[in-house]
Structure formats: C-alpha cells, structure tokens
Amino acid sequence: MRKSLVSAIALALALSAGGLMAAPAHAVVDGASLTTTQLPRTVRPTHYDVAIVPHADKLSFDGKVTVDVQVLQPTRSITLNALNMTFASARLTPAHGKALVAKVSVDAKHQTATFTFDKSVAPGSYKLAMAYTGKIETQPNGLFAIDYDTKSGKKRALYTQFENSDARRFIPSWDEPAYKATFDLTVTVPSDEMAVSNMPVASKTELGNGMAKVTFQPTPKMSTYLLFFGVGDFDRATTTSDGTQIGVIMQKGKSAQAAFALKSASEVLHDYNDYFGVKYPLPKLDNIAAPGSSQFFSAMENWGAIFTFEYAMLLDPSFSTQGDKMNVFNTEAHEMAHQWFGDLVTMNWWDNLWLNEGFASWMAERETELRHPEWNTVLDTVGTRESAMSRDAVATTHPIVQKIDTVEQASQAFDTITYSKGEAVIRMLEAYVGPDAWRQGVRNYIKAHAYGNTVSDDLWHAMDGVAGGKPITQVAHDFTLQPGVPLIKVDSVVCSDGATTVKLTQGEFTKDRPNKKPLHWHVPVIAQVVGSAKASTLVDGHATMKLPGCGPVLVNAGQSGYYRTLYAPAQLAALKGDFNKLAPIDQLGLMSDAWAEGMAGLEPVSDFLDMAKAIPADANPTIWSEVAGSLTALDSYYRGDKVRQTRFRAYAVKQLKPVFARVGWDAKPGESTSTTLLRTQLIGALAELGDQDMLNEVRRRYAEQASNPKALPAALRKTVYAIVAVNADAATWDKLHAQAKAETTPLIKDRLYGLLSIAKDKALGKRALALALTAEPGATNSAGMIRGVGWRHPELAYDFAMAHRAQVDKLVDSTSSTRFYPALGGSSFDPAMIGKIKAYEATIAPTARRPAETVIANIKYRTMIRNQRLPAVDAWLEKNGG
C-alpha cells in the first residue's frame with residue numbers, strides 16, 4: 001500500500017510543487033467499534049467459494065460463501081471476522097455426514113461472528129456455508145462506491161479496499177494475514193460493465209434483464225486483504241512483459257492518460273522478475289485507476305489487481321506535471337514490489353508490516369534510480385530519511401517492529417516509521433552487506449517462504465547466510481526492535497603521515513528530551529576525508545577509524561546511514577569551507593544535520609543559515625530545493641508576528657530571487673528534471689513568502705490563460721492555480737468554485753475542490769468547511785478539504801470538525817479516523833489546542849491514542865522552536881542584512 005499524499009500540507013504542496021449479542025438468525029454486525037483481537041486458533045480455512053450480487057443503487061450486496069475449513073481441535077463453535085453483515089443462514093457440513101445448522105451470535109466490538117452447534121465438532125475437514133447481506137460503503141473500506149462526473153453524466157463504479165482489516169466487510173472470513181487460502185469469486189453485475197478481480201475471467205454467462213454472471217479463475221494461496229473486486233464502465237489497455245499480460249483499467253475514454261503507467265509497468269515487471277529471481281506467478285497484472293481519494297492511502301497492492309486513485313496513475317496533459325509523472329512511476333514500482341514482498345511472501349501479523357512497506361518503498365526508489373537516472377531521485381533518499389528521523393526523534397515514536405493488538409493499531413502502523421524509516425534502514429543494511437550479497441539474501445528469502453508468512457528474523461537469517469560474517473542480525477535488531485535515532489559524535493580528527501585518525505562516539509538524537517539516556521546501537525558508518533577514498537566501521541559505543549588523506553572529514557559519506565552526525569565547530573567549519581567539493585547528496589546530508597541539530601539546540605542555528613547563504617546560485621537544483629523548503633518552513637514559525645515575519649521574508653526572497661532568475665518561467669531545451677521541479681518550487685516559495693513580483697506575475701498569467709494559452713503552460717498550471725487559491729478573495733474563490741462544479745474530468749475536478757480549502761482568508765476557510773459537508777465535492781474528497789483548511793486555520797478546522805463530528809465521521813474512511821481529527825490541529829501554536837486534542841483522546845480507546853500524542857508532542861516542539869530558536873534567527877538576520 002502506498003500512503004496517501006492527500007494530507008493538508010501535501011495537498012497544497014502537490015498542487016504548488018461490547019459484548020455478545022445472541023441471535024439464532026439474521027444477526028447483524030453493526031461496526032460501532034473498531035477494536036478487535038486475534039481469532040481462536042482452532043479452525044483454519046483453506047478455500048473460499050464466494051458469490052456476490054451488488055446492488056449499487058441501494059448501496060448493499062447479497063453474499064454467499066462456502067469455506068473449506070480444517071477443524072484442528074474439538075469445538076462447539078467457530079469464530080471468524082465479520083462486520084456490517086446480516087446473516088440469513090449458516091451450516092457446517094462434514095465430508096461425510098449430516099450438516100449442522102449454526103446459531104449465529106455477533107460481537108460488534110471485536111468484529112466477529114460466532115457459529116455455535118448443538119454438539120461438539122470433531123477435528124477434520126468441513127464446509128462452512130453462509131448466506132448474508134452487506135453494505136456498500138461510501139468511503140474506501142470493504143466494498144465501496146465512487147460516484148464521478150463524465151461528459152455524458154454521473155457514473156458509479158464499485159471497488160474493494162481490504163487492507164488492513166476490511167475483507168470482513170465483504171466476506172465473513174479469517175481476516176488475518178497468516179490465514180492464507182485460495183479464492184473462487186463469482187459476481188452478478190450489469191452486462192455492459194467490466195468486472196475485474198485478481199485473476200482473469202474464467203466465464204461470463206448472460207442472465208437476461210441486462211445482468212451477467214462473471215466467474216474468475218481461482219487465485220493462488222493468499223491473505224484475505226489482497227482479494228479485489230471492481231465493476232464499472234471501464235476501458236482496459238494492455239501489453240505484455242515476460243509472458244505476463246499487463247493491463248491498466250480506467251474509466252472509459254481515458255486510455256491515453258494511462259500510456260505512461262502501462263509502459264512503466266511492463267518495464268518494472270521485467271526488472272523485478274530478474275531481481276527477485278522468482279517470476280511473477282499470476283497470468284495477469286492489472287492496475288485499476290479510480291476517481292476520488294482517501295485520507296489513508298493512494299494505492300493498494302491487491303495481487304494481480306493493483307488499485308490506485310487516478311491522481312497517482314493517470315497523466316492529463318492539460319494539468320499533470322513532471323512531479324506527477326515521477327509519482328506515477330514510484331507508486332507503480334512500490335505496488336508492484338509488493339507482488340513479491342507482501343503478496344507472495346506476507347508478514348505473519350501486522351507488527352511486521354514493515355516487511356511489506358519498508359521493502360516496497362526501498363525497492364521503488366531503487367527501480368526509479370535504475371529506469372530513470374535522469375530524474376536524479378537518489379537525492380530524494382535524504383528527504384526520506386529526514387522525514388523518518390523527524391518522527392523518530394520525539395517521545396511518541398515506536399520501533400519499526402511494533403506490538404499490534406487492535407485494528408486501530410494496525411491502521412496506525414501505516415506511518416512514516418514503517419515506510420520511510422523502514423526504507424532508510426534497508427538502504428543502510430544493503431550498503432553494509434553489499435548490493436550483490438543483499439540481492440542474493442532477498443532471493444533466498446523469497447524462494448524459502450513463497451506463499452507463506454514470515455517474521456523479520458526470517459529475513460535476517462537469510463541475510464546471515466550471505467553477509468560474510470558481518471553481524472547483520474545484531475545491527476538489524478538494533479534498528480528495528482528499538483526506536484530512535486543514533487547520533488554519531490566526531491570526537492577528534494588528527495592527521496599524521498598522510499592519514500587521518502577519527503574517533504567516534506555514539507549517542508542519541510532527540511528533539512524533545514535533551515537529557516534522555518541514549519539507547520545503544522551497532523551503527524555501520526562510512527566516512528572519508530573529502531576527496532579521498534571511503535572507509536567503513538561498525539560503531540559499538542565508540543570506534544576509531546583511520547582514513548587515507550588529510551583534510552576535512554565527512555561522516556556518513558554517501559548518506560546511506562540512518563543516524564545524525566555531530567561535528568565540533570572547527571570540524572564543521574572545515575566542511576563548510578569545502579562544501580562545493582562535496583557530492584550533492586552529501587551537501588544535502590550536511591545541511592539536513594545542521595538544520596535538525598540547530599533546531600534541537602545541539603549547534604547554533606546560524607550553522608545552517610551560514611551554509612545556505614554561501615550556496616552559489618548555480619548549485620545543484622536539489623540543493624536549492626532544500627534551501628527553499630527550509631526557508632518556507634522557518635517562515636511558518638513566524639505566522640502571526642507580522643513585523644518579524646516581514647523582515648525574515650525580505651531576506652528569504654533576496655536569497656531565492658536570483659536563483660529563480662536563472663531558472664526562469666520557461667523551460668529551456670535539455671534542462672534537467674531537477675531544474676523543472678525547482679522552477680515550480682521556487683514559484684510556490686516566493687509566492688508563499690509574499691514576493692509581490694511573483695504574485696503579480698502569477699495573477700497576470702492566471703487572468704490571461706483564456707486568451708493566451710502560452711501564458712499558463714500545463715507544467716505550471718497546478719502551481720499557479722494553487723497560489724491563486726491561497727491568495728484568493730471572495731470573487732476569485734467563487735470563480736474557482738464555479739470551475740470545479742462545471743469540470744467533468746474527475747482527475748481535475750477533485751483537485752479543484754481541494755484548492756477551495758487552502759485560502760489564507762479565514763472567511764473563505766469557513767465557506768470551504770461548509771461546502772465539505774455537502775454532497776457536492778464527492779464523498780471521498782470532503783475530508784481532504786477539511787484538512788486543507790486545517791493547514792492555515794487549525795483552530796477553525798478542528799473546532800468545526802468536533803462540532804460536526806457525526807457528519808465528519810461519515811467522510812473519513814475508518815482506517816484514518818483516529819489520525820484525522822488530531823492532525824487538523826497539528827499546525828497550531830495555540831496552547832489551548834493541546835487541551836482540545838486531549839479532550840478528543842478521552843473519546844477513543846487508550847490503544848488508539850498514539851497519533852494524537854504525536855500531534856501534541858509536535859505542537860510542543862514547534863512552540864519551543866518559535867520561543868527558543870527564532871530569536872537566534874532574528875540575531876543572525878540583524879548581522880547578515882535581513
């Protein structure tokens with residue numbers, strides 16, 4: 001699964017850059033609570049034969065399922081997962097003998113149904129047959145509907161989304177990843193619509209009255225959360241790769257927008273067949289694009305039928321950007337990596353979710369570097385690591401491998417630690433073991449556990465076999481079984497006889513606990529004298545390295561390590577003097593450490609500001625992206641203090657304007673992808689910093705687009721629209737609203753409604769919130785609008801959501817709810833917001849409170865930055881012409 005990008009901040013930047021209830025029959029699971037525990041281990045399913053009849057107009061479906069089960073111990077009851085279902089009948093039939101009719105009791109709190117029999121059931125093989133009805137949801141949980149506009153009117157399509165614990169909304173099932181089984185699926189659908197599932201269609205039988213019965217080929221053995229079904233007015237474009245049919249399925253008339261995704265999928269499948277050493281085992285692999293969005297995810301790796309929201313798969317030439325194209329490739333590479341890491345080999349339980357997500361993220365980045373070196377995405381790995389460290393350095397962090405007991409906890413596990421820290425730690429371990437040995441370890445792991453379930457130590461055992469004696473399990477345990485960020489302190493640097501001796505000490509980097517006793521890691525460290533060969537060591541508390549050459553010493557050379565480096569002032573000064581001799585990835589790493597350590601008070605804030613000021617205008621575009629991002633981040637801390645913010649902005653604009661002058665509004669022949677991306681970032685940054693020249697030019701181009709198409713090329717359209725929306729007055733907001741209502745292309749329409757939520761004007765924020773509670777924006781877009789308002793007006797959005805919680809609950813997919821509400825207040829500096837979030841915490845289970853606690857921790861941290869670090873920034877500005 002790919003995490004959703006539709007958060008408030010990401011939206012703006014992407015557009016600009018208890019108990020049992022007994023009943024003999026007709027028992028209903030109402031889904032009032034989302035807590036659950038693991039199922040009894042007395043029965044195991046081996047095969048599901050499922051028949052579904054959706055009633056899209058009524059938002060309900062009829063279901064029948066017969067499950068082949070193995071009863072492992074004598075029992076009088078069978079318990080499985082079920083949610084939002086009404087049971088009409090249930091019976092258990094042995095291989096030989098008379099069927100047993102079950103009494104059904106349901107437990108809404110634990111999302112289970114229990115089938116009780118008049119006598120004990122002996123161990124052996126049985127068939128459990130159930131007839132039931134279920135709900136079609138309006139948010140992406142279970143079987144859900146998406147309504148969308150087309151030029152010929154409104155359409156409705158159905159899709160499924162089961163990860164992490166929602167197959168139980170579609171099939172009464174053993175909805176845990178370790179309960180792998182095969183599936184036969186038959187659906188009754190409109191004859192003129194396309195039905196799609198994990199496997200190809202085996203047969204289609206016309207039933208009359210415009211309906212048809214579609215049966216799919218049996219699936220391989222897999223986990224329930226990977227089953228998929230979709231039906232709608234679709235087109236399908238196809239190609240082949242290594243004998244596998246590749247398809248992209250989208251709404252009718254959009255095939256051209258899927259061309260890049262189709263080509264990319266063909267390339268990626270070929271590369272992954274080679275890397276994993278096990279050929280993709282299904283006969284086809286579809287990618288299904290759907291309108292709408294989710295606060296939880298953007299794409300899902302259903303085996304053979306990957307689901308992706310349109311914004312992360314389709315490219316509209318009138319609106320899509322280079323950044324969109326890169327996101328499409330990376331999303332596709334991530335989900336396709338899951339076809340091995342997650343689908344073929346699946347974690348045993350959600351505490352090892354990172355075995356799916358961290359690896360898919362790492363593999364996607366590797367594949368992007370391989371297929372598109374011109375994008376220079378290797379530099380993005382520093383940003384990935386930084387996002388992980390930022391989350392990992394506060395008290396509410398958690399280990400990569402974490403204890404999961406409930407559905408809420410499983411949903412919350414899909415976070416930056418699982419994805420980004422997982423990816424960063426894998427990157428470090430690959431560098432430590434070596435890429436060839438690492439790949440062989442991955443191949444051995446995949447072959448040994450195909451169609452099975454694993455825990456992390458299964459992977460480490462595979463790596464121990466190829467690591468040449470390196471203590472891979474020890475290092476991996478340190479970084480996955482405990483939380484936090486190591487800090488490598490450079491104690492001394494001494495040059496003698498053409499070589500440099502470096503002494504290192506390991507501590508811990510934390511943003512909010514300066515007196516915390518450090519944890520202990522075995523840290524793989526790569527270092528070099530600038531311009532000389534690299535050397536490596538394993539820091540176990542302390543280490544001494546001998547490096548060839550004399551000069552400034554760079555620790556974490558190549559930036560593969562998951563740790564921060566703290567230099568003494570003289571050492572850092574020497575590195576700053578040789579900054580332009582460093583590789584861009586090391587420049588980024590040095591700046592990132594200086595920023596984070598300056599904000600945490602480990603070194604002066606001026607170290608980063610000095611570094612940023614000295615960067616020449618013609619430096620690598622990605623370096624300037626880092627500077628622009630950091631300056632706009634600092635600007636956000638000044639929010640509400642007009643005098644100080646005005647002075648800071650004047651300095652920041654002075655820094656960035658010459659860079660934009662070199663980049664310009666118009667793309668130049670042969671310019672790098674990094675330059676293309678920098679252009680949109682600088683336009684957005686200068687506008688956010690209040691540069692009047694930039695705002696005037698943006699408004700001019702927006703006003704002239706109808707009469708002069710060249711005024712607003714497609715590559716800049718989203719950026720310009722976002723700036724206009726941020727700075728909108730009532731008339732402009734009304735114009736954007738009218739455009740959104742008239743738009744018939746969901747890919748654009750969804751984004752336009754998002755734009756209506758990001759205005760600086762608080763009155764327009766109120767209008768956006770009111771609009772979000774109507775049906776107009778689309779059921780899956782409204783939650784994103786509320787979050788959009790929350791970025792600039794956190795108190796307004798949070799208070800509104802709490803006042804209308806019953807309505808807002810219906811707009812948020814259940815997997816996101818305990819994160820959604822606290823996040824609305826995340827950008828607040830008001831101490832009262834902490835009390836408000838604590839009041840929200842009292843309404844949810846204690847086991848679900850980590851996201852809220854994290855938001856509170858970050859509000860406290862940001863307030864500390866504002867009170868303790870900004871004065872140092874002000875002093876630096878005084879000395880440096882700010």
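This is a predicted model: local features need pLDDT of at least 70, side-chain atom pairs count only at pLDDT 80 or more; totals for chains, interfaces and linings use all residues.
Me: Where does V720 lie, and is V720 buried or exposed?

Reply: Burial is read from relative accessible area, and a residue under 20% counts as buried. V720 lies in helix α18, which spans residues 714-726, and because its relative accessibility is 0%, V720 counts as buried.

Me: Which residues is V720 in contact with, leaving aside its neighbours within four places in sequence?

Reply: With those neighbours set aside, V720 is in contact with W665, V698, Y702 and L712.

Me: In the largest nonpolar core, which residues touch the most other members?

Reply: That core holds 287 residues, and those touching the most other members are F115, Y159, W174, W438, I446, V555 and L656. Helix α27, covering residues 850-879, gives the most to this core, with 11 residues. For F115, once residues up to four places away in sequence are not counted, the residues touched include I78, L80, F87, V104, L128 and M130, and also R76 and K103.

Me: How is D457 placed, and what does its side chain join in a polar contact?

Reply: D457 belongs to helix α9, residues 456-464, and since its relative accessible area is 30%, between the cut-offs of 20% and 50%, D457 is partly exposed. Its side chain is joined to that of H477 by a polar contact of 2.7 Å, while D457 and T473, 16 residues apart in sequence, are 7.7 Å apart in space, C-alpha to C-alpha.

Definitions and conventions: Residues are numbered from 1 along each chain as its sequence is written. Side-chain values use heavy atoms; hydrogens and water are left out. Helices (H or I, at least four residues) and strands (E, at least two) are DSSP runs, numbered from the N terminus. Buried means under 20% relative accessible area, exposed over 50%, partly exposed in between (1.4 Å probe, protein chains only). Contact means heavy atoms within 4.5 Å. A nonpolar core is a set of buried Ala, Val, Leu, Ile, Met, Phe, Trp, Tyr and Cys residues joined through side-chain atoms within 4.5 Å. A polar contact is a pair of N or O atoms within 3.5 Å; within protein, one must be able to donate a hydrogen and the other to accept it, and residues adjacent in sequence count only if both atoms are side-chain atoms.
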